[in-house]
Amino acid sequence: MPTQLAGGCACGAIRYACSEPPLGMFNCHCRDCQRAGGGPFSPLMAMAASTVRIDGTPAFYTAQASGGNHGTCGFCAVCGTQLFARNPDRPDVLMIKAASLNEPAAFKPVADIWTVNALPWVHFDRHIPKVFKSPPVLEKDDLVRF
């Protein structure tokens, strides 16, 4: 893994850098990630929010998420690149969309999450665990590395 994970949007208006390693890296199969990204799942890095520096001003969209919670998606208002996701109940965690990394090959998923919503035509990597809903790192009061 690079010493510092960094990335940004397609047009360069928003850049970010992470000063610590991720809490976990996940392929999220929830319906909200499917809709937001237009694909069968979203590769996400869970980061301690305090370790991410954001240069530029992302736009945020908040909507009711699966299970009645609210989810917030962060994106570039200029080019539309999806960059972030967060749960208002977990302001200490910022999810970064792995495709926005300068070096996306640094993304190494440790689990498929929200597999309850996985599309039937998705082929899973049999070498990583499957989590029916949310992994422990994303549960309230449980900020630990997965």
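Q: Which residues of β9 point the other way from V93, M95 and K97?
A: In this predicted model, local features need pLDDT of at least 70 and side-chain atom pairs count only at pLDDT 80 or more, while totals for chains, interfaces and linings use all residues. Residues are numbered from 1 along each chain as its sequence is written, and side-chain values use heavy atoms, with hydrogens and water left out. A strand here is a DSSP run (E, at least two residues; helices are H or I, at least four), numbered from the N terminus, and buried means under 20% relative accessible area, against over 50% for exposed and partly exposed in between (1.4 Å probe, protein chains only). V93, M95 and K97 point one way from β9 and are buried, and the residues that point the other way, also buried, are L94 and I96.

Q: Why is β9 largely enclosed by the rest of the structure?
A: The reason lies in the burial of its residues. β9 is largely enclosed because, of its five residues, the number buried is five.

Q: Which residue of β9 is the bridge partner of A85?
A: β8 and β9 run antiparallel and are joined by two bridges, where strands pair if DSSP finds at least two bridges between them. A hairpin of six residues also joins β8 to β9. β4 pairs with β9 in the antiparallel sense over five bridges, with A46 opposite M95, and the bridge partner of A85 in β9 is M95.

Q: Which residues touch the most other members of the largest nonpolar core?
A: A nonpolar core is a set of buried Ala, Val, Leu, Ile, Met, Phe, Trp, Tyr and Cys residues joined through side-chain atoms within 4.5 Å. At least two residues of this core come from each of β2 (15-18), β4 (42-48), β8 (82-86) and β9 (93-97). Among the 18 residues of this core, those that touch the most other members are Y16, C18, M45, V52 and I96.

Q: Which residues does C18 touch?
A: Contact means heavy atoms within 4.5 Å. Leaving aside residues up to four places away in sequence, C18 touches Q4, L5, M47, T51, V52 and I96.

Q: What are the edge strands of the open sheet of three strands?
A: The order in this open sheet is β1-β2-β5, with antiparallel pairing. β1 and β2 pair over four bridges, and A6 has A17 in β2 as its bridge partner. The strands that pair on one side only, and are therefore the edge strands by that pairing, are β1 (5-8) and β5 (52-55).
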